[in-house]
Amino acid sequence: MFERLGIVTNIWAKEIENGARFDDLMVEFGANGFRDMEVREGDYLRNSEFGNLIQKLEAAMLDYTDAEFKALCDVVWDNTAVNDGFDTDKTKHPALFKEIADFARKAAGLTLSYAMSHPWLSAPSDSEADTQKIVIAKKLAYLLCPSRARLRLVDLDTEGKIDENVAIANLKRHASLLPEYPMIFAVENARQSATLTLKLAVTGGAKLTYDETNTYRADRTTLNPPEEFWGNVKMEDLTSVHFKQKTEAGVLSEVGDGYVNFKAIKQHLLSGKYTGDLLLENAPTIHSLVNALNSREYLLEC
């Protein structure tokens, strides 16, 4: 199971801050067997060369209809186009799409998804701006992998009691946007319990990305007992499972002994015949590949 472990790209934050290139790290990790990668939004990404490409792309999206942009994404990732060269002169932004085609060649053989922080548990203060943000994110997710596009939202802002009707309405609205772009739409348990997040996701028409580490507080108490979650979840409602370890010191830079029982998670996934991806999300260091390789070895020995 863990031989197909992938990664969340925020584990590269320290290296990118020190000048490493996003695409070089992507190629290096892919060559070491980490084929599934979730591109996690954040300052580290926006400050990278790939983040600069994303920002130019977001501005250029306005010059294409939804159908035109989708067609360009499909052409960029078409096997023939990637191998023989994409005729960027047929676009309104030839230099930009040359950069995108170059990135696609480097990412060939990888499965990339997109994730961002978004307060989906709360009513938006500006519905139009909220809708536009999700539309842009969905287009980025589709561009990264048209054959298996996925957008994940994680709410790191909403605290206290949740208005479930509001959260469910948000998910239904978000899921309904850009229906012509085939996509997995998912949310992750963060500050709220996994059991509640699962309930809202299923009712709202979304999949769940599960991170058991987020269930644990610093003192090892839990937002919800993991057994409660595993007793309620159906494997078809999960799209991804994240792996990191936590102790009283916080999230670790390598998976090892701590609060999370990885062996138990593995048994739940195997018995349920889970088919989604498994993504490593260690605390960032300047040695992320070494940390990832050591973490994979630890998990393989579980």
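A charge is said to sit over a ring if NZ of Lys or CZ of Arg is within 6 Å of the ring centre and within 35 degrees of the ring normal. By that rule the charged end of Lys92 sits over the ring of Tyr64, 5.2 Å from the ring centre, and Lys138 lies over the face of Phe185, at 5.5 Å from the ring centre. The model is a predicted one, in which local features need pLDDT of at least 70 and side-chain atom pairs count only at pLDDT 80 or more, while totals for chains, interfaces and linings use all residues. Residues are numbered from 1 along each chain as its sequence is written, and side-chain values use heavy atoms, with hydrogens and water left out.

Rings also meet one another: those of Phe, Tyr and Trp (its six-membered ring) pair if their centres lie within 6.5 Å, and planes under 30 degrees apart count as stacked, over 60 as edge-to-face and the rest as tilted. The count comes to 14 aromatic pairs. In one of them, Tyr210 and Trp230 have ring centres 5.2 Å apart and planes at 80°, so the pair is edge-to-face. This pair links distant parts of the chain, with Tyr210 in strand β6 (residues 207-211) and Trp230 in helix α11 (residues 226-232), 20 residues apart; here helices (H or I, at least four residues) and strands (E, at least two) are DSSP runs, numbered from the N terminus. Buried means under 20% relative accessible area, exposed over 50% and partly exposed in between (1.4 Å probe, protein chains only), so Tyr210, at 0%, is buried, and Trp230, at 9%, is buried as well.

A further pair joins Phe262 and Tyr298, whose ring centres are 6.4 Å apart and whose planes stand at 85°, so this pair too is edge-to-face. Phe262 lies in helix α12 (residues 262-271) and Tyr298 in helix α13 (residues 288-300), so the pair ties together parts that are 36 residues apart in sequence. Phe262 counts as buried at 3% relative accessibility, whereas Tyr298, at 26%, counts as partly exposed. Elsewhere, ring pairs link Trp12, Phe22, Phe29, Phe34, Phe50 and Phe103 into a cluster.

Turning to the strands, five of the five residues of β2 (residues 36-40) are buried. In a regular strand the side chains alternate between the two faces of the sheet. In β2, Asp36, Glu38 and Arg40 point one way and Met37 and Val39 the other way. Two strands pair if DSSP finds at least two bridges between them; β2 runs parallel to β1 (residues 6-8), joined by two bridges, and pairs in the parallel sense with β3 (residues 111-117) over five bridges. Met37 stands opposite Ile7 and has Leu112 as its bridge partner in β3.

On a 1 Å grid over the protein atoms alone, a cavity is a set of points where a 1.4 Å probe fits but cannot get out, and lining residues have an atom within 4 Å of a point. The whole structure holds three cavities of 30 Å³ or more. Phe50 and Phe103 are among the residues that line the largest cavity, and α4 (49-60) gives the largest share of that lining, four residues. Asp36, Met37, Glu38 and Leu112 are among the residues lining the second largest cavity, to which β2, β3 and β10 (277-280) each supply at least two residues.

Conventions: On a 1 Å grid over the protein atoms alone, a cavity is a set of points where a 1.4 Å probe fits but cannot get out, and a pocket is an open set with protein on both sides within 12 Å along at least five of seven lines; lining residues have an atom within 4 Å of a point. Grid points are joined across faces, edges and corners, and a volume is the space filled by probe spheres set on the points.
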